[in-house]
Amino acid sequence: MPIYTSTGISQDPAPLLGCNMTTNKEYIVINPPGGNQEINLEFSVGDVENPENPELYPPNLPAWADTIVFRIPIGDGDEHLVKQENADRISANVPTDWGYSPIPAANGYKVIEFTAKNPQGYHFNKGTTIAFIITHVIVNNTKGKPVIEITEETSKQPSSPFTKKTRRMEVVKLDGSFYFRSLRARQSVVDRGSTVTLNWEGTSNATYTMYQDDKAFGPDSENKPHGGRWDSDPITDITNFTLKAEHADANLPHYLTTTVKVKEPNITVHHLTTLGESGLNIPTPDPKLSAAYSGVAQNGHPAAHAIDGIESTYFESMQGPALNQTLTVSLDSPSTIQRLHIKYGQPNRLATSCAVEYSPTGTEPWITHENNFQGYGDWNFALPPTTPIKAIRIRTKALAAMPLVIRAITLETQQPTAGTMTLRDGMASISTPLSVTGDITAARSIGITGDAAIAGDASITGDASITGDASITGELGIGAGLELAGPTGLIDWVSIDTPESSDWRDVEVLTDGLMQFATNIRDTTCTYEIYIKYTRPRVESSSTITLRPSQTSDWIPVFRGTQVRYRKVGGTGGLASQMMAFGTGVYEMPGTTDL
């Protein structure tokens, strides 16, 4: 830490050697506890710059030096560094290839002279720095700024006449009231988005500025550092904190730094290269819940109180509910629920004959899971582990005399880490919902074990396999096969504008599931014909469905190997005729498919 300033030179020419100074103490102080402060002064000489002003006397090398002399002012005043009686205790560590002879203090100075052993002088070349250490310097008891003179006898050529060149360095002696140390964070590693509490020890009348990375919090800031404590802004990445202290007795600012890490930091890279297979584990967030009651809730006890996690706040109906009143808890996305925990009723408000039901889609049909839910108690239900659930509900099965009270509903969801995003051999495999704000282009195949939302065009020259929902606002071009599966997976969208475009379109059924067909036909003179042929072991049957304008078929069971064909029949042309096919299994249309 610099504790001096260079104030100029006493004569021309300018010094050839660079020089700076440090001490073995953080500060030079007077009257410290335990007696006078004893310090070492270390002067680095040669190819070094003045840290406060690099343009002031930069090194002019190569150069040869015969002697280097340090003059330390002695006395009791503010302009002195060492008392007279302690002057001759000053000593030095002598560098290799240099000599040193003690010179008694005289004429207000202690002189320390170093002489090069080589008669041609010591050769300072670029990269050469010598440390001259003056030891046992006992500071006097008067605050001030004494000046140390450094005189070099140097030349630009070996054995040439050496000339004296002098610089001065001003040393700051503090009165001991200024101190600044020990910047530390209460925690060295914090959760993502947390704030950090920093503490330090420092003079109360100093001026402090805290830097959180590049953001400064100075004495005029609303969140100014003071009193040895400061709370940061929330951090999301490894963060550097630097505290600057300024004091009237210290002509230079002083700095302390510390670093805090984040458990799950942001990572920003300019270019990422993987030499092998690379994966990103992406945890699936817990689903968000909402609650609604089909009847009227008691004032102050809405449906939301059933899922707020606070048992003292609860849901209560206005009166004894009628038959088939429902309290429905919906998830923002279908999730596998391992257990359902319900705290119901109160000692003076007993639940009457309720059913617990769930739905994969949040709508009909509802599947009854527990058919005898009543009284006052605390129930745990295990739900089917392989069925994603969009909503659960409590349904009254009879007219009740008492209000329905639900104290708490909690769900234990199976939220696996969404696998990995694997990059290898030009192929991407993603086991998490994919959201892209632009276009996506894959040179080979892309597999997504979740939903795909693409706010642009999708161009894939290989296969596309999506086991969730696919939402694409642009065009989808696939050079091979398309596989889609999900509770409302769109299999095909047919748009035929002319009577001639009435060829059969085929869908290959790859897994057991359900299919549904819907039309949006403005040409009322045409229909759509759907032909389904079932081929099962020892069983073969077929059926034909005809859909007229704006009709929707029932959900139709299909099995692996079922043949599904559909086409437009009739029509005068000139008006758009569209049909959509949906399914809950996995399907494939051979060849290029454009949606």
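This is a predicted model: local features need pLDDT of at least 70, side-chain atom pairs count only at pLDDT 80 or more; totals for chains, interfaces and linings use all residues.
Trainee: What makes a stretch a strand, and how many does the chain have?

Mentor: A strand is a DSSP run of E with at least two residues, a helix is a run of H or I with at least four, and both are numbered from the N terminus. By that count the chain has 48 strands and zero helices.

Trainee: How do you know that strand 2 and strand 3 pair, and in which sense?

Mentor: Two strands pair if DSSP finds at least two bridges between them. Strand 2 and strand 3 have six bridges, in the antiparallel sense, so they qualify. Thr22 opposite Glu42 in strand 3 is another facing couple.

Trainee: What makes strand 2 "mostly covered"?

Mentor: Buried means under 20% relative accessible area, exposed over 50%, and partly exposed in between, with a 1.4 Å probe and protein chains only. Strand 2 (residues 18-23) has five of its six residues in the buried class. For the chain, 42% of the 595 residues count as buried.

Trainee: Which sheet does strand 2 belong to, and why is one side of it left without a neighbour?

Mentor: The open sheet of four strands has the order 2-3-9-5, with antiparallel pairing. Strand 2 and strand 5 (91-93) stand at its edges with a single partner strand each, so one side of each has no neighbour in the sheet. From one strand to the next, the twist averages 20 degrees.

Trainee: Back to Phe43. Why is its pair with Phe70 called tilted?

Mentor: Rings of Phe, Tyr and Trp (its six-membered ring) pair if their centres lie within 6.5 Å; planes under 30 degrees apart are stacked, over 60 edge-to-face, and the rest tilted. Phe43 and Phe70 are 4.5 Å centre to centre with 35 degrees between the planes, so the pair falls into the tilted class. Phe43 lies in strand 3 (residues 38-46) and Phe70 in strand 4 (residues 63-73), so the pair ties together parts 27 residues apart in sequence. Both Phe43 and Phe70 are buried.

Trainee: And what makes Trp98 with Phe132 edge-to-face?

Mentor: The angle between the planes is 85 degrees, at 5.2 Å centre to centre, so the pair lands in the edge-to-face class. Trp98 sits in strand 6 (residues 98-102) and Phe132 in strand 9 (residues 129-138), so this pair ties together parts 34 residues apart in sequence. Trp98 and Phe132 are both buried. Ring pairs join a cluster whose members include Phe43, Phe70, Trp98 and Phe132, and the whole structure has 14 aromatic pairs.

Trainee: How do you know that the charge of Arg71 sits over a ring, and which ring is it?

Mentor: The rule asks for NZ of Lys or CZ of Arg within 6 Å of the ring centre and within 35 degrees of the ring normal. The charged end of Arg71 sits over the ring of Tyr109, 4.0 Å from its centre.

Trainee: Why does His136 stand out, and how exposed is it?

Mentor: Most residues other than glycine have a negative phi, and most peptide bonds are trans. His136, in strand 9, has a positive phi of about 60 degrees although it is not a glycine.

Trainee: Which peptide bonds are cis, then?

Mentor: One is from Leu61 to Pro62, with omega near 5 degrees, and Pro62 is in the loop between strand 3 and strand 4. Another runs from Glu364 to Pro365, with omega near 0 degrees; Pro365 lies in the loop between strand 23 (351-359) and strand 24 (367-375).

How values were computed. Residues are numbered from 1 along each chain as its sequence is written. Side-chain values use heavy atoms; hydrogens and water are left out. Axes are lines fitted to C-alpha atoms, for helices over the stretch in contact, and angles run from 0 to 180 degrees between N-to-C directions.
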